[in-house]
Amino acid sequence: MAGRCPWCDSVSLRAFPDRGAVLCVNPACRCPEPDCGCHDDPAYRHTWDEGEWDR
């Protein structure tokens, strides 16, 4: 993954190799999926598991 979040376009991606995940740490990030937790939980952070990093 590049350093920019695919949802908010901010340079807000952080890798957590020990957890095998990448998170968007931008608290204002909202994705286009209406049932995603980012729309109703301010503490929610988008997570991409290791298998999704090639995108």
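I am reading a predicted model, where local features need pLDDT of at least 70, side-chain atom pairs count only at pLDDT 80 or more, and totals for chains, interfaces and linings use all residues. Residues are numbered from 1 along each chain as its sequence is written, and side-chain values use heavy atoms, with hydrogens and water left out.

**Strands.** I took strands as DSSP runs of E, at least two residues, numbered from the N terminus, and called two of them paired if DSSP finds at least two bridges between them. β1 (residues 13–16) and β2 run antiparallel, joined by four bridges. I found Cys24 in β2 as the bridge partner of Leu13. The hairpin of β1 and β2 has four residues between the strands, and Gly20 there takes a positive phi near 65°. β2 also runs antiparallel to β3 (residues 47–49), with three bridges; Val22 has Trp48 as its bridge partner in β3.

**Faces of β2.** Which residues point which way from β2? Ala21 and Leu23 point one way, Val22 and Cys24 the other, and all are buried (under 20% relative accessible area, 1.4 Å probe, protein chains only).

**Ring contact.** I saw the charged end of Arg19 over the ring of Phe16, 4.4 Å from its centre; the test wants NZ of Lys or CZ of Arg within 6 Å of the ring centre and within 35 degrees of the ring normal.

**Ser12.** I found Ser12 in the segment before β1. Ser12 counts as buried because its relative accessibility is 4%. Leaving out residues up to four places away in sequence, Ser12 touches Gly3, Cys5, Leu23, Cys24, Val25 and Asn26 (heavy atoms within 4.5 Å).

Key. Buried < 20%, exposed > 50% of the residue type's maximum accessible area, 1.4 Å probe, protein only.
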